[in-house]
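Here's a quick walk through the fold, its aromatic pairs and a few individual positions. Have the viewer open as you read.

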Amino acid sequence: MAAWVEGRVLERIEWTPTLFSLRIAADLAPYKAGQFTKLALQRGDQRIQRAYSFVNPPSAPYHEFYLVEIPDGELTPSLGALQPGDSLLVQSQATGFLTLDELPPGRDLWLLSTGTAIGPFLAMLAEREVFERFENLVLVHGVRKGEELTYQGLITSLVEQYGPRFHYVPFVSREPWPDALPGRIPAAIASGELQARVGLAFSAEHSQVMICGNPAMVKETQQTLLELGLAKNLRRAPGNISMENYW
């Protein structure tokens, strides 16, 4: 059974009225970019817990998590109220297989996310390994409203650092937004709009695709990619598509 340790909030970053990040100090076991752990608060004899991915690379001096506050939720309103110095519980052992070492070789890496599920991809992109392994990287982030396109400072630094090798494509589904594609990710793949935007095609020969987001997006995107000739990536049968439902 995984152990729990006490964590202390170092910083709370507010992105929108419902989106925030917590930077936490805690003594955790080593983990990999792309993995997740659990955060919890104790209420009497009940421990309220949920799983969250690390946004930071393992080399960072803190552990960062990106959360959406769910009205009337059991946990997130209380986590959202935490301030620097407050304590919470963190599961010490991370888990999850949406990691770089699970990927077969490829030329292009596509990171397709919605909402707070961009978090594990930001952790991967903060490490040099991903740019050493792949020639081209594409980060896709789908949100409903433009204000939800968070972590722009980090993304801008990646654009400046890696230039034409790194492509960032935002999607905003409920309002027009500068430089963002409208609609949903699977539809833009099916129409070829996403591929045209970055100047790369999906192919079984060159593409590795990681999908992380709400279950409907993950399912539809996978189906669209299968129709383009890509295959699920399994340990016993390496392919192109690796996925994780983000709730």
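## Ground rules

Helices (H or I, at least four residues) and strands (E, at least two) are DSSP runs, numbered from the N terminus. This is a predicted model, where local features need pLDDT of at least 70 and side-chain atom pairs count only at pLDDT 80 or more, while totals for chains, interfaces and linings use all residues. Residues are numbered from 1 along each chain as its sequence is written, and side-chain values use heavy atoms, with hydrogens and water left out.

## Overall build

The protein chain has 7 helices and 12 strands. Its radius of gyration is 18 Å, close to the 18 Å from the globule rule for 247 residues, so the chain is as compact as a globular protein of that length. (The radius is taken over C-alpha atoms, and the rule is 2.2 Å times the number of residues to the power 0.38.) Along the principal axes, the C-alpha trace spans about 55 × 40 × 35 Å.

Buried residues make up 51% of the 247; buried means under 20% relative accessible area, exposed over 50%, partly exposed in between (1.4 Å probe, protein chains only). Contact means heavy atoms within 4.5 Å. Among contacts between residues at least 6 apart in sequence, 69% join residues at least 24 apart.

## Aromatic pairs

There are 8 aromatic pairs in the structure. Rings of Phe, Tyr and Trp (its six-membered ring) pair if their centres lie within 6.5 Å; planes under 30 degrees apart count as stacked, over 60 as edge-to-face and the rest as tilted. Phe54 and Phe65 make a tilted pair, 5.1 Å centre to centre with 40° between the planes. Phe54 sits in the loop between β4 (46-53) and β5 (63-68) and Phe65 in strand β5, so this pair ties together parts 11 residues apart in sequence. Phe54 counts as buried at 1% relative accessibility, and so does Phe65 at 0%.

Phe131 and Tyr162 are stacked, because their ring centres are 3.3 Å apart and their planes at 5°. That pair links distant parts of the chain: Phe131 is in helix α3 (residues 129-133) and Tyr162 in helix α4 (residues 152-162), 31 residues apart. Phe131 is buried at 5% relative accessibility, and Tyr162 is buried at 11%. Elsewhere, Trp15, Tyr66 and Tyr151 form one aromatic cluster.

Which residues of α4 are buried? Ile155, Leu158 and Tyr162 are. They cover an arc of only 55° around the axis, which puts them on the same side of α4; the arc is that of the directions from the helix axis to the C-beta atoms. On the other side, Gly153 and Glu160 are exposed.

The buried residues of α4 pack against α2, α3, β8 (136-143) and β9 (166-172). Following α4 comes Gly163, with a positive phi near 55°.

## Two loop positions

Thr116 is in the loop between β7 and α2 (119-125), and counts as buried at 12% relative accessibility. Leaving aside neighbours within four places in sequence, Thr116 is in contact with Leu19, Tyr66, Leu67, Val68 and Tyr246.

Pro104 lies in the loop between β6 (87-91) and β7 (108-114) and is buried at 14% relative accessibility. With neighbours within four places in sequence again left out, its contacts include Arg133, Phe134 and Gln208.
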